[in-house]
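Open the viewer and get ready to select residues. This tour goes from ring to ring, then to a whole chain.

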Amino acid sequence: MDKRVGDSGHCSEEDEDESGDEVEEDVSMEEEDSTAEAEGSFYCFLSSGAPRWKESLQQKASEAFLRQQEAAPNLRKLVYGSVADDSEVGGMFRVIRPQKCKRFQVNALDCSRFNPDTSHNWEAEEMLNSIMDCFVTGKWKE
Amino acid sequence: ICGPNAAIHGLVYDGCNFFRQRLVLSTLSGKRVKIKNIRSRDDDPGLRDFEASLIRLLDKVTNGSRIEINQTGTVLFYQPGLLYGGCVEHDCNPQRSIGYYLEALLMLAPFMKTSLKATLRGVTNDPTDPTVDLLKSTALPLMKKFGIDGDGFELKVVKRGMAPGGGGEVVFTCPVRRTIRPVQLTDPGKIKRIRGVAYSVRVSPQMANRIVDSARGVLNHFLPDIYIYTDHMKGANSGKSPGFGLTLVAETLNGCFLSAEMTSTPQGQGDPVLPEDLGRNCAKLLLEEVYRGGCVDSSNQSLALLLMTLGQQDVSKVLLGPLSPYTIEFLRNIRDFFQVMFKIEVKKPSEDERNGGDKVLMTCVGVGYSNISKTLK
């Protein structure tokens, strides 16, 4: 689980920059942002009187979990990057980095072929093993 | 991307990359498109001959298209007409192989007024673009899954013409469809057999046999059911340049096709390759494609996504391997032209299965595109 939390944290760089300081001073932030629905439930938690650092842990964990759940938007963001620019979700998520329009060379060769990953060595036994079950001769489920 | 004057010029893009997909989507959606800064900083600015050839082909299959190109060829304005179809003959500029032109036609053909019969002449096989052999064995079966099939759905290689000389000829016929069927291609199933074509023209027919032997050497490790046809065209059917190559296709239990191919270096354009090396490397490319996996191979991703977009108003799901840069841009263009955005989920293979790399599940609701120009019988 720990590993996953770490992973999802890395995935969304843009949110990281903002949420980094938000989590630390969550009390002040929380008052400002209490409009959002998710924040409302969090508010109830705080008022219950438990030690503050625990709340923030839970908050962090649930945020990480939600981010994990939304692993897809990362790919989506990669593809439809510019869409996130004009749609601010609840005023919370804002893309800081401007969308790079020139991600591909605009005058490069127009070709549909996907050149293979050169890091794969198809001489090596482990690579060959990694696709064994794609064939009818491989292992079957059940 | 859309500039402030988008209303006048339609969608505005920069540069000649992704030229075909923009023109194709423009034609299908009826939206005007303006492409500027085409190689504007190049020593030889503007559109190339092969792009002009593609535009002429688009002009032949449509009725009433308006095409304006500025003096230097760096700005193109395209207002699509109606997709007409019918019998079309076209000499494809040999700078690119027929595959380049055919990829665009495959996307347009089902939506014509009358069914298309296109005779394309030029380079059938070159190392850059998907060859006609590859499109024949992967793109056509894919389109069949979307309900585009029937007697008149065929791609025939009449004459083979290798780069750089060309001299090949293919005939592509495609029936028209009023609507496209939504698909659920989420499980490719296991690969049951591997088929292939080793072709050679204007070289010793023995070349093809040497390719087959070396390719089998790699693939026999996985599967016994491998058959690679050898195709040696002679005389008038062998085009103008010598060369050889191999197309390999892995077919799964659920009827999905993954392919790889390799073509010899065109005469006078670099170091020649040995047929043994070509066979072996092509087999490794197929393994790479199997590693990527999914229900559609990497060169047909955008075709599958287009047909999903244009499907009836229902959910379509297709499992793909990693998205190619070409496909990623295609998704952005689909958003621009059809306002469709896909749900993109990463599917990691489970730990105990050796099924290659991560897959991507693409989901969308079709726009319910219907071919209004199709003639009723």
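This is a predicted model: local features need pLDDT of at least 70, side-chain atom pairs count only at pLDDT 80 or more; totals for chains, interfaces and linings use all residues.

Over all chains, they form nine aromatic pairs.

**Stop 1.** Select Phe18(B) and Tyr326(B). Their ring centres are 6.1 Å apart. The planes meet at 45 degrees, so this pair is tilted. Now trace the chain around each ring. Phe18(B) is in the loop between strand E1 (11-14) and helix H2 (19-29) of chain B. Tyr326(B) belongs to helix H9 (residues 325-338) of chain B. The pair therefore ties together parts that are 308 residues apart in sequence.

**Stop 2.** Select Tyr227(B) and Tyr229(B). This aromatic pair is edge-to-face. Look for 4.8 Å centre to centre and 70 degrees between the planes. Tyr227(B) is partly exposed, with 45% relative accessibility. Tyr229(B) is partly exposed as well, with 46%.

**Stop 3.** Select Phe50(B), Tyr100(B) and Tyr101(B). Ring pairs join these three residues into a cluster.

**Stop 4.** Turn to charges over rings. Select Arg160(B) and Tyr199(B). The charged end of Arg160(B) sits over the Tyr199(B) ring, 4.4 Å from its centre. Next, select Arg292(B) and Phe114(A). Arg292(B) lies over the face of Phe114(A), 4.1 Å from the ring centre.

**Stop 5.** Follow Phe114(A) into its chain. What elements does chain A have? Chain A has eight helices and zero strands. Colour its 142 residues by burial: 28% of them are buried. Finally, show the surface of chain A. Its accessible area is about 9800 Å², and 54% of that belongs to carbon and sulfur atoms.

Note on methods
Residues are numbered from 1 along each chain as its sequence is written. Chains are lettered from A and ligands numbered from 1 in the order in which they are written. Side-chain values use heavy atoms; hydrogens and water are left out. Helices (H or I, at least four residues) and strands (E, at least two) are DSSP runs, numbered from the N terminus. Buried means under 20% relative accessible area, exposed over 50%, partly exposed in between (1.4 Å probe, protein chains only). Accessible areas come from the Shrake-Rupley method with a 1.4 Å probe; for residues, only the protein chains shown count as cover. Rings of Phe, Tyr and Trp (its six-membered ring) pair if their centres lie within 6.5 Å; planes under 30 degrees apart count as stacked, over 60 as edge-to-face and the rest as tilted. A charge sits over a ring if NZ of Lys or CZ of Arg is within 6 Å of the ring centre and within 35 degrees of the ring normal.
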